[in-house]
Amino acid sequence: MPLKKVLVANRGEIAVRVIRAAQALGIETVQVVSDADRDSLAAHMADRTVVLGPAQSRLSYLDPKLLVHAAIKTDCDSLHPGYGFLSERAELADLCSDHGVVFVGPTADTIDALGDKLRARAIAKDAGVALVPGTDSIANVDQAKQAAEGIGFPVVMKASAGGGGRGMFIARDYADLDVSFDKASAEAEEAFGDGTLYMERFVGNARHVEVQVLGDGDGRVVHFGERDCSTQRRYQKVVEEAPCAIMPTDARAKLHRSAIQLLSSLNYRNAGTVEFLYDVDTNDIYFIEVNTRIQVEHPVSEQVTGADLVQLQFKVAGGEPVDFDQSHIHVNRHAIECRINAEDASNNFTPSPGRIATWQPPRGAGIRIDSHCADGYLVPPYYDSMIGKLIVTASDRDAAVERMIAALEEFQIVGITTNLPILRHIVSHPDFKDNAISTRWLESSVLADFQQ
Amino acid sequence: MANPDAKDIESLVTLFNQSDWDEMHLKTDDLEIFLSNDPKATGPTQMIATATGALAPVETSAQSADTDEAKITPAGADTTVVTDVADGLLAVRAPNLGTFYRAPKPGAPPYIEVGQAVEPDTEVCLIEVMKLFTPVRAGSAGVVREICIADGQMVEFGQVLVIIEPRA
């Protein structure tokens, strides 16, 4: 049953993105806002706005009861969770289905199964997908040392209950394990309520590549190509692109095949992303995790395939016919996205909320801006620092890099500090132009000389 | 349970004892029974737990006086208008989005009526979110001048619920 009215359960640029897609499909929109977002662009664009609670996320956007209650009371037949917040919490998906509200995303069971990293690894293993050589949960330092002996140093320890770098550390020898194990477990306990750690081999020269997928819930899954998200700082992506230009055809084909295999084995429904590490030296791909939501960087996949992924999310959720023929999807351009953050890169990336006096993004062919900002917008201090995304598209990577350099040059934001300066530095760096980057490149090569 | 007999009541008491509920109030045409683990309880004062079970009334303090200007979103969007409160009067505001209830349970007398005297901790209404009921208190001593919301209406965070004329 095609969706008629959706509750947009997020904020900022993704709320605007979801409303745009809904409007294109003739779906009415109800935007929920915290007190701090009453005057936001999403609130202005939506057919109706409801104020949930105070500015603090836990009293507004992070309260599943408030969200579902608002959906029911405004006669919404569906709810779109966006990314972050509760988008990967089975509790929200469950509450929606308990109350007859269609959750625009996978089922609660799928979210549950793939949300636990260790369970996800087991599922991938069963589906015949290669994993980074690693372990199950590691209870203590002694077990860690034993495991490391089997895997071979260097190793990386990760939290099974969550990501974003918390509870994560690299160990090059037994001493490193001694120093960091307990601390990491405590960090994970604090961040995710679960201190369980596991271990993987550390891949030194790695690319973070991920595959955008869409499933119909009945076993059919298509992909929209891969993205290269290797430019990261503290495991947060900064620049993403599509496709991963340095991957040879055979590895790329294996990547896509693995992603499809994994998710069709679960009858995956709606949009998702399967993340892998690509070992540049050995040409191996290793499964890392699945993100059961639309992601920040989805626009680059849209730009190179011509697809509208958020519209497809609505169509799948509403049971409408969607073309699931892989041969109809072609990647034939190159796109790069830079995340624009309200932060001061020269001062340890401290967040920089405040009023934007002038918001002057670049314009021209092949330039796309996904943002909720405008002249006079007050960037609130309560939420994450991303204020927009700049996406450029061109015929190939070299042309895309040139276009991005010019676009960043043209971009003017006055009134708050942003990461535009470091983005300009990244994109014009010889390593970036030569596509000789890795997941450690930004931190080890660029940030070091940028601080000067 | 029509024409309940001693056995039915015994079953209810057994079930209650086996459960982890603190109290139970059951009312049908033929029977009204109140069971509680609290030796000081004198009868039902709380909301009825709903069919889905969990009831967790959370105490909140009512919003203090606030004479902010009305916040109206420009044409194209429909947001609920938070009205001005006249000089000298105090507004009790919604602590979060939810459904406004005038009485502890359907059919029961409402917490307050216009003209009633209230103290700071007098309960004036309930805000319900997904079966979670939060009593809202007057916040000041005075007289109820206006009850701004109809029973069962959805309210948003900060919306004016009740207007009180404070005692001098």
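Which residue of E6(B) does B:Thr99 stand opposite? In this predicted model, B:Thr99 faces B:Glu128. Their strands, E4 (residues 98–101) and E6 (residues 123–129) of chain B, pair in the antiparallel sense over three bridges.

Now step back to the sheet around them. Four strands of chain B form an open sheet in the order E7-E6-E4-E9, with antiparallel pairing. Strands E7 (132–137) and E9 (154–155) of chain B are at the edges, and each has a single partner strand, so one side of each has no neighbour in the sheet.

Next, look at two helices in chain A. The axes of H7 (residues 141–151) and H8 (residues 174–192) come within 10 Å and cross at roughly 145°. The crossing of H7(A) past H8(A) is right-handed. Here are the residues that make the contact:

| Helix | Contact residues |
|---|---|
| H7(A) | A:Val141, A:Ala144, A:Lys145, A:Ala148 |
| H8(A) | A:Tyr174, A:Leu177, A:Asp178, A:Phe181 |

By class, this contact has six nonpolar, two charged and no polar residues.

Finally, explore the nonpolar cores. The largest has 113 residues, and those touching the most other members are A:Leu7, A:Val8, A:Leu67, A:Leu79, A:Phe276 and B:Cys125. Helix H1 (residues 12–24) of chain A gives the most to this core, with seven residues. Leaving aside neighbours within four places in sequence, the contacts of A:Leu7 include A:Val30, A:Leu67, A:Cys76 and A:Leu79. Another core, of 37 residues, lies apart from the largest one, and A:Cys338 and A:Ile416 are among its members.

Conventions
Residues numbered from 1 in each chain as written. Chains lettered and ligands numbered in written order. Predicted model: local features only at pLDDT ≥ 70, side-chain atom pairs only at ≥ 80, totals over all residues. Axes fitted to C-alpha atoms, helices over the stretch in contact; angles between N-to-C directions. Left-handed = near helix turned anticlockwise from the far one by under 90°. Contact = placed C-beta atoms within 7 Å. Nonpolar A, V, L, I, M, F, W, Y, C, P; charged D, E, K, R; others polar. Pairing = 2+ DSSP bridges. Core = buried A, V, L, I, M, F, W, Y, C linked by C-beta atoms within 7 Å. Buried ≥ 20, exposed ≤ 12 C-beta atoms within 10 Å, placed from the backbone.
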